[in-house]
Amino acid sequence: MRRALVLVVDGWGAGFVGCYGNSWLDTPALDQWACQSVLFEQCQSECPDPLILYPHLFDGSHPLAPVAVDGPLAILADADIPVHLLSDDPRLLQLRETTRLTSVETFPEVADVAADSAEETTLARFAGVLLDWLEEPAREEVIWAHARGMLGPWDAPYSYRENLADEDDPAPPEVVHPPFERENRKFDADYALGFTQAYAGQVTVLDMLLGELLATIEELPIDEQPLVVLTSTGGYPLGLHGQIGREDDAPVRLYSDTLHVPLLIRQPGGKEGLSRCQGIARLADVLPTVVESFGLPMSGREGVDLLGVRLSESREHLLCGLGDQRYFRTHDWSLRYHLPNEETPLEALELDQIVVELFVKPDDRWEVNNVADRCKNIAEIGLRTALAIEQAYRDDQPCPEIPEELRTPA
C-alpha cells in the first residue's frame, strides 16, 4: 500500500540542522532521519512565499511562469490518489479554489503564548495530528502537511533558549511573536544572538517531535510505512543582510539564508539511507518524486524524480523570484539582483541599470563576500543568462543552456 507524507516547516533553514553542518545546535532526531534518508545538500526554494509557490508546485510550473494544468497534482487526481493539505496557516484555505487538492484543512487558531513544555507547543499540536494519521489503517493517499513552523509562535519553553546561551551571553529575549526588523546595516552581534537562540529553541522542539514521528514510522510494517519528505518553503533571516525575521508586508531578501532549505526523503524501511546528493534540487522536484513513487509516469515539466536521476548531471541552474527580486544559482556561482519593475519587458531592460551581487559557490555559503566588481564578466553573463531563462519561463519555452563561463569555478 503506497502512501506519502510531505512535511513542510515554514521558516526552517538548512543552516540549523546538524546533518547540514551545524555543530552548534544538537539535532539528534534529524541526524537519525538523515541516516535513513536520501539527503539533498543543495535544495533551494524557488519562492519563500507559499501562497505564490504552492499553485505552481502543484501544477508543475515555475513561479515566474504561467500556471499550467497538467502537472503532478493532476496526474495524482486522474489516478484517483487523493492529496490532502493540512496546515495551521489559515491563509492556505484559498488553495481550495485554486488547485486540484482533494481537501484543504486548517486547524483552529490559538493565542500565541509561551508553553510550559514542548508537548504544549503549536508544533506539538501539529505533530499530534500526523501521529494520529500514522496510526490509522494505511490507504493510498498523499498528505501535504504545512506547518507555520518558525513563522508561527516561538512558544518553546524559555529554558530551551537559556540552555543555548553561554554564561557570558545576555539573557535571550522573551518574545513569542516572531520578530521582524530590517536595517541597511549590520545588527549588533549580541542582539542578533539572542534571537538566534530563541529560534534554535524552536528547532529543538521540532527535532524532538520529528524523533517521535520517526519512532512511530519505524514500528510500522515496511509495506505500511509512507514515503516521507521533510523540507521547508524558506529559511529565516537572523541578522545577515540587514534583516531579522519575515513578515508579509516586507518581502524577505533573497539570499541563501532564506532560500537554502533542508530536503530529506525517507523511503519505506530506510532504503538508500545515508545517501547525500550534491546537485541542485528544487521544491518543484518533490511532487514528481511522489508521483513516481506511486508508479505513475511523470510528464517532463519543471521537476524531476529525485530518487531516479543524478542531479549533478541533470540540472545546471536554478532561478528564484519574489516580487522584483531575483536569485540565480549555478553549481559555482550565485547572483542576486532586482528588476527595475515587473511591467517592463525583459528585452527592454537597460542592463547597466541593474545592480548585481555575485557570490562564489559553494565556498561562500552565506553570501557575505560580493565579488561582482572583481568578476564583472561573470556578473554580466550571469545576468543575461538569468533574464533569458526568465523569458523562457514566461513564454513557456525550454530554458537555454548556460554559457561555459558559468560552468567554470572561480
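**Exercise 1. Classify Arg407 as buried or exposed, or in between, and find its salt-bridge partner.**

Step 1. Arg407 has a relative accessible area of 28% and is therefore partly exposed. The cut-offs are under 20% for buried and over 50% for exposed, with partly exposed in between (1.4 Å probe, protein chains only).

Step 2. The model is predicted: local features need pLDDT of at least 70, side-chain atom pairs count only at pLDDT 80 or more, and totals for chains, interfaces and linings use all residues. Residues are numbered from 1 along each chain as its sequence is written, and side-chain values use heavy atoms, with hydrogens and water left out.

Step 3. The partner is Glu316, and the closest N and O atoms of this salt bridge are 2.6 Å apart. A salt bridge here is a side-chain nitrogen of Lys or Arg within 4 Å of a carboxyl oxygen of Asp or Glu.

Step 4. This pair links distant parts of the chain, 91 residues apart: Glu316 is in the loop between helix H10 (311–314) and S11, and Arg407 is in the segment after H11. Helices (H or I, at least four residues) and strands (E, at least two) are DSSP runs, numbered from the N terminus.

Step 5. Glu316, at 28% relative accessibility, also counts as partly exposed. Salt bridges with shared partners join Glu316, Glu401, Glu404 and Arg407 into one network.

**Exercise 2. State how many salt bridges the structure holds, and describe the pairs Asp78–Arg100 and Glu141–Arg139.**

Step 1. The count is 16 salt bridges. As background, side chains of opposite charge can pair when their charged atoms come close.

Step 2. The side chains of Asp78 and Arg100 meet at 3.3 Å, N to O. Asp78 lies in helix H3 (residues 72–78) and Arg100 in the loop between helix H4 (95–98) and strand S4 (103–106), so the pair ties together parts that are 22 residues apart in sequence.

Step 3. Asp78 is exposed at 58% relative accessible area, while Arg100 is partly exposed at 46%.

Step 4. The side chains of Glu141 and Arg139 form a salt bridge of 3.4 Å, N to O. Glu141 is buried, with a relative accessible area of 3%, and Arg139 is partly exposed at 39%.

**Exercise 3. Describe helix H11, using Thr385 as the reference residue.**

Step 1. Helix H11 spans residues 376–394 and contains Thr385. H11 has 19 residues and reaches 27 Å from its first C-alpha to its last, close to the 27 Å expected at 1.5 Å a residue. The expected span is 1.5 Å times one less than the number of residues.

Step 2. Thr385 is buried, with a relative accessible area of 7%. Other buried residues of H11 include Ile378, Ile381, Leu387 and Tyr393. An α-helix has 3.6 residues a turn, so residues three or four places apart point the same way.

Step 3. The cover over the buried residues of H11 includes strands S10 (275–282), S11 (317–322), S12 (325–330), S13 (333–338) and S14 (356–360).

Step 4. Thr385 touches Phe328, Ile402, Pro403 and Leu406, not counting residues up to four places away in sequence.

Step 5. Just after H11, Asp396 takes a positive phi of about 55°.

Note on methods: Contact means heavy atoms within 4.5 Å.
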